[in-house]
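The tour below goes from one selection to the next.

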Amino acid sequence: MPKLDYLALTKEQVAEYTALCRNGAPAPCSAPCPFGLEVRTFIDKCENGKWKPAYKLMRSAFVFPQLVSKLCPGYCKNACVRGGKNTARLGGSIELGALERAVCTFVPDKKSESFALPPKQEKIAVIGAGAAGLSAALCLVNKKFGVTVFEQNDGWGGGLRENADFAVFDGEFTESFSKTDVEFRFSERITDTAQLAGYNAVIIATESPDAAFGKTPVSEDSLWCGGKHFTVGGARGADTMHGIADGRRAALAVETWLQTGTPSPHVLSPNAGHTPDTDGAACPQVTPAGVGGYTQEEAVREASRCLQCDCSNCMKSCELLRTYKKLPQPIATEVFSDTRVTPPFSAHTITRETYSCNECGFCAGICPECINMGEVFDISRRARFSKGENLAAIHDFWLREMDFHVGEGLYSTADSGENCEYVFFPGCQLGAYLPETVKKTYELLSKKYSVGLLGACCGAPAHWAGDDDRRDLVIAELRRQIARFNAGERQAPKLVFACSTCGKMLKKHLPELETVSVYELLTACGLESADISEEWAVFDPCAAREDENTQAAVRKLLGAAGVSAQELPEKGRCCGYGGLIRLANPELYGEVTKNRVGLSDAPFAVYCANCRSVFADEGKPARHVLELVLGTHEEIKPKIDDRRKNVLALCAEFDGEGRQVPKEEALRLIIDNDLYERLDRDLISLEDMRFVIENSPEKGGVFETADGSRLCYCEIGVLVYWVRYAERGGAVEILDAYYHRMKFGQEDAK
Amino acid sequence: MSENTVKCVKCGVALVLTKTVFQYMGRSFTHDVPTCPKCGAALIDRELAKGKMAEVERQLEDK
């Protein structure tokens, strides 16, 4: 995959990135067809009983549809996904030939179309009135060339005259040429092409290469023999079907040659370019009940067996792509055009999509060309941020969390003095949600390894916000913190991650350090049996999709602890948390989480704290693998305030001198449990509310309502928070809280 | 919530509907909201914040 540079994004770059997308590429059956019939469209017409449009498609491709449908051996059959090796499973290839013959019988009016084009001055000679010569003559006269056909016999048809169905073909030829002014000169033998000096081009459509007046095409895929000569059909060794297709190609080649002096090959058969979808249900070929071929009802049934082979793997599996019904190539183009937006003259077109992508990369894994739409949207996020066109409000909560975890909430054992071989990096959320698990894991690792502990954030929220500078500041702080473990000569410690997103971030942005997952290290630590009877389904986080070592270690740990674990039908799906889409697109977030919950009825064994929190919010039983194997069953849904306290408690325990568990704040807050839960889900913490109540008199405003309660506001980050409260003795009861993204002020202060 | 029943705590006066400027995503527009006539502090209730304002926020974000 080419790398995209968002600062100097060009249309060509984005086009190249998704150019290999196979959606819309010809179906496998179209490729071997000498005529390049667009089979999917033809089948679609048949399936809907649109026989005349189906016939027109055949005539455009085959020139002589009755002849071709009767004599074509069906090159497409072996390529049909239902046929070949899949015949037993999928019921056999589509009976395209029988369908084509049936369509001919369903359309009584086969009158040829007349094209209202101005006549051309050039005169073309065609030598031979076999199928190939007639095809060339008809296609040329339809382009309004003056056409003369020379035939040594006294009628047309060549070798077809011997065919039992010649009367049908003869009728089709007669009908096809009835409204044309092609001059047929039968019983006139051309012995030397010099006889045709008065013609601008000569099509040699004789029966064999030996009779081609010594003319051979300049290349295998060309009909042009140099000068003004072209060979088609038998004259270049082709069979009848390829000969008829040659006639069409020759008309195109002659036209181009006369206009530009260079004939292009005009190969009709496309290159098939996609992975056929073979998950169609088995369904046997429809056999006509009567001798006259398919009835219309039978033809519709046979057409409906077609799998309409096309690649839409990403659309089928990704909720985002499915919701917005946009394919990779148009998305890439929009990513580019969005970087060229000049308000108020033009507007962004994919803002919501950009911030709705989990950036989980699942699409790349199922794309036959490994196109990762997450990277494309990631480019859009970065491009927007660099121009100040990002949606700051939707990431603000997590960015503030990140700042806490690399500031006040950072804990480290580096001060204990010893150089260590490993540094356990539990990640911000493991400590916040599962502090006992962090402690027990560290304890267990310490028994076996020389290991330090560093609790902080990896910078993923800044990365997802598209803010490279802020992410790099976090990375720089991590680099500084890790260096503190390595004061001496010893090799830099290896980073032990518990969260696979941290693992990915660290590998990418601290490439000088070795990383290993905590699960791999723990497999050598000798765990006790966890005594858990129920069966769990392992939910691999999206960030671990390609980390086979971690996946294997997790299963080994569960096995060693005696936890029965089953596999999910899809591995490495994002739980919904990735890319921080929750506030950007709550509806899509809801759909993604619902779909993941539905992957199994069994409770999930997860190994990402965010997966655990997402499933807890959805009411899906889920536990962290470390919880399961270490027996630390922690609170399922700690609130924002609890998580912060958990981290500060870890700081107090591990960060050496001077760090204490914070005491209760002076302003005592009371809140109803249901309201607290609702506000917590809205990402409003008690700490935020306390801040607003304390700071609103100076930094915002305070109002008194008729019922005596107070409503106050002030800004936190990029949001404006409002809190309604009532004073209850020495405490304050929270009655409501909300926030909005808009800023406001008086008109004269604009 | 009627603006007449709400008082600004700092100024002790009742709020009156006043044209207020809202700004988001580089665009601005005005809307009448209860405001303290002395200090200019404006009140946005939940209904407005989570209703019309949220809707307009989303529209502006999508531009």
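Select chain B and show its surface: chain B exposes about 3,300 Å², and carbon and sulfur atoms supply 50% of that area. Keep in mind throughout that this is a predicted model.

With chain B still selected, switch to a cartoon view. Chain B has 1 helix and 3 strands. Follow the chain from the N terminus and the elements come in the order β-β-β-α. Taken along the principal axes, the C-alpha atoms of chain B fill a box of roughly 40 × 20 × 15 Å. Chain B has 63 residues, and 35% of them count as buried. Now consider contacts in chain B with a separation of 6 or more: residues 24 or more positions apart account for 28% of these.

Next, select B:Thr5. This residue lies in the segment before strand 1 (7–8) of chain B. B:Thr5 and B:Leu15 are 10 residues apart in sequence, and the line spans 7.9 Å. Which residues does B:Thr5 touch, leaving aside those up to four places away in sequence? They are A:Glu704, A:Thr705 and A:Ala706.

Move to chain A and select A:Ser500. A:Ser500 is in helix 22 (residues 500–509) of chain A. Its relative accessible area is 3%, which is under the 20% cut-off, so A:Ser500 is buried. Not counting residues up to four places away in sequence, A:Ser500 touches A:Pro541, A:Ala543, A:Ala544 and A:Tyr607.

For the last stop, select residues 131–142 and 240–260 of chain A, which are helix 7 and helix 9. Their axes come within 7 Å and cross at roughly 30°. Angles under 35 degrees count as roughly parallel, so helix 7 of chain A is roughly parallel to helix 9 of chain A. Helix 7 of chain A passes helix 9 of chain A in a right-handed crossing.

Show the side chains where the two helices meet. Helix 7 of chain A contributes A:Ala131, A:Ala132, A:Ser135, A:Ala136, A:Cys139 and A:Leu140. Helix 9 of chain A contributes A:Thr240, A:Gly243, A:Ile244, A:Gly247, A:Arg248, A:Ala251 and A:Val254. Colour the residues of this contact by type: they divide into 8 nonpolar, 4 polar and 1 charged.

Key: Residues numbered from 1 in each chain as written. Chains lettered and ligands numbered in written order. Predicted model: local features only at pLDDT ≥ 70, side-chain atom pairs only at ≥ 80, totals over all residues. Heavy atoms only, no water. Axes fitted to C-alpha atoms, helices over the stretch in contact; angles between N-to-C directions. Helix = DSSP H or I, 4+ residues; strand = E, 2+ residues; numbered from the N terminus. Parallel < 35°, antiparallel > 145°, perpendicular 65-115°, else oblique. Left-handed = near helix turned anticlockwise from the far one by under 90°. Contact = heavy atoms within 4.5 Å. Nonpolar A, V, L, I, M, F, W, Y, C, P; charged D, E, K, R; others polar. Buried < 20%, exposed > 50% of the residue type's maximum accessible area, 1.4 Å probe, protein only. Areas by Shrake-Rupley, 256 points an atom, 1.4 Å probe, with all protein chains shown as cover.
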